[in-house]
Each structure stands twice: as C-alpha cells, then as structure tokens.
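Have the viewer open and follow along.

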Amino acid sequence: DKEAKARERVLRNRAAAQESRDKKRKYMSDIETSNEHLQQENTQLLKRLKTVESDNQALSQRLEALTAQFAQMQQLLSQSVKHNQPGADFC
C-alpha cells in the first residue's frame, strides 16, 4: 500500500515536472518569437527615423533659404519705398 502510494506520488511528480518543462519551453519560444518581431519592428522604425531625419534636414535647409530670400525681398522693398516717397526729391 505504501509502495503503491509512493509510486503514484513519483508518477504525479514526474508528470508535474514534465508539465513544468513544457510550459517553460513554450514560454521561451514565445519570448524568442516576440523578440524576433520586436527586432524587425525596431529595424523598420530605425529606417523610418533615418528617412524622417533626412527629410527634416532638407526642409530645414529649404526654410533657411526661403527665410533669407524673404529677408532680402523685404530689404529691397523697404529701399524701393524710401526712394519712391513723395517729397523725397527735395532732400
């Protein structure tokens, strides 16, 4: 009777240990799969970031050029207005 109970306990223990190992394998497999997906997503995001940074740099340079052009046009307009003011000939 004691031997039968001991054998049953050993069998239950083996089954529980096997179940634990199976759960651990599945858990590790899920983590590895998740890691692969996250690495792929990270690679895609890094490519996107590089593109956006490049676009941002090009737009910043374009803005700087347009700002300088606008300032130059304002200066020319200001000079033109000063020269064409009525009564300016009397000075």
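Let's start at Asp-22, which is partly exposed, with a relative accessible area of 38%. This is a predicted model, so treat every number here as computed from its atoms. What does the side chain of Asp-22 meet in a salt bridge? The partner is Arg-25, at 2.9 Å from N to O. Both residues sit in helix α1, and because they are 3 residues apart there, about one helical turn separates them.

Lys-23 forms a salt bridge with Glu-19, and here the closest N and O atoms are 3.8 Å apart. Is Lys-23 buried or exposed? Lys-23 is exposed, at a relative accessible area of 57%, while Glu-19 counts as partly exposed at 46%.

Next comes Lys-26, whose side chain meets that of Asp-30 in a salt bridge, with 2.9 Å from N to O. Being 4 residues apart in helix α1, Lys-26 and Asp-30 are also separated by about one helical turn. Lys-26 has 51% relative accessibility, so it counts as exposed, since the cut-off for that label is over 50%. Asp-30, with a relative accessible area of 42%, is partly exposed. How many salt bridges does the structure hold? The count is 3.

Tyr-27, Met-28 and Ile-31 make a nonpolar surface patch of about 290 Å². Take Met-28 from that trio: it lies in helix α1, which covers residues 2-83, and its relative accessible area of 38% makes it partly exposed.

Now zoom out. The secondary structure of the protein amounts to 1 helix and 0 strands. The radius of gyration is 38 Å, well over the 12 Å that the globule rule gives for 91 residues, so the protein is more spread out than a compact globule. The box tells you about the shape too: along the principal axes, the C-alpha atoms fill roughly 130 × 20 × 10 Å.

Ala-6 lies in helix α1 and is partly exposed, with a relative accessible area of 26%.

What share of the 91 residues counts as buried? The answer is 0%. In total the protein exposes about 9000 Å², and carbon and sulfur atoms supply 54% of that area.

Finally, back to charge, this time for the whole protein. There are 16 positive and 13 negative side chains. The centres of the two sets lie 10 Å apart.

Conventions:
Residues numbered from 1 in each chain as written. Predicted model: local features only at pLDDT ≥ 70, side-chain atom pairs only at ≥ 80, totals over all residues. Heavy atoms only, no water. Helix = DSSP H or I, 4+ residues; strand = E, 2+ residues; numbered from the N terminus. Rg over C-alpha atoms; globule rule 2.2 N^0.38 Å. Buried < 20%, exposed > 50% of the residue type's maximum accessible area, 1.4 Å probe, protein only. Areas by Shrake-Rupley, 256 points an atom, 1.4 Å probe, with all protein chains shown as cover. Lys, Arg positive; Asp, Glu negative; His and termini not counted. Charge placed at Lys NZ, Arg CZ, Asp CG, Glu CD. Patch = residues over 30% accessible without salt bridge, like charges linked within 9 Å, V, L, I, M, F, W, Y side chains within 5 Å. Salt bridge = Lys/Arg side-chain N within 4 Å of Asp/Glu carboxyl O.
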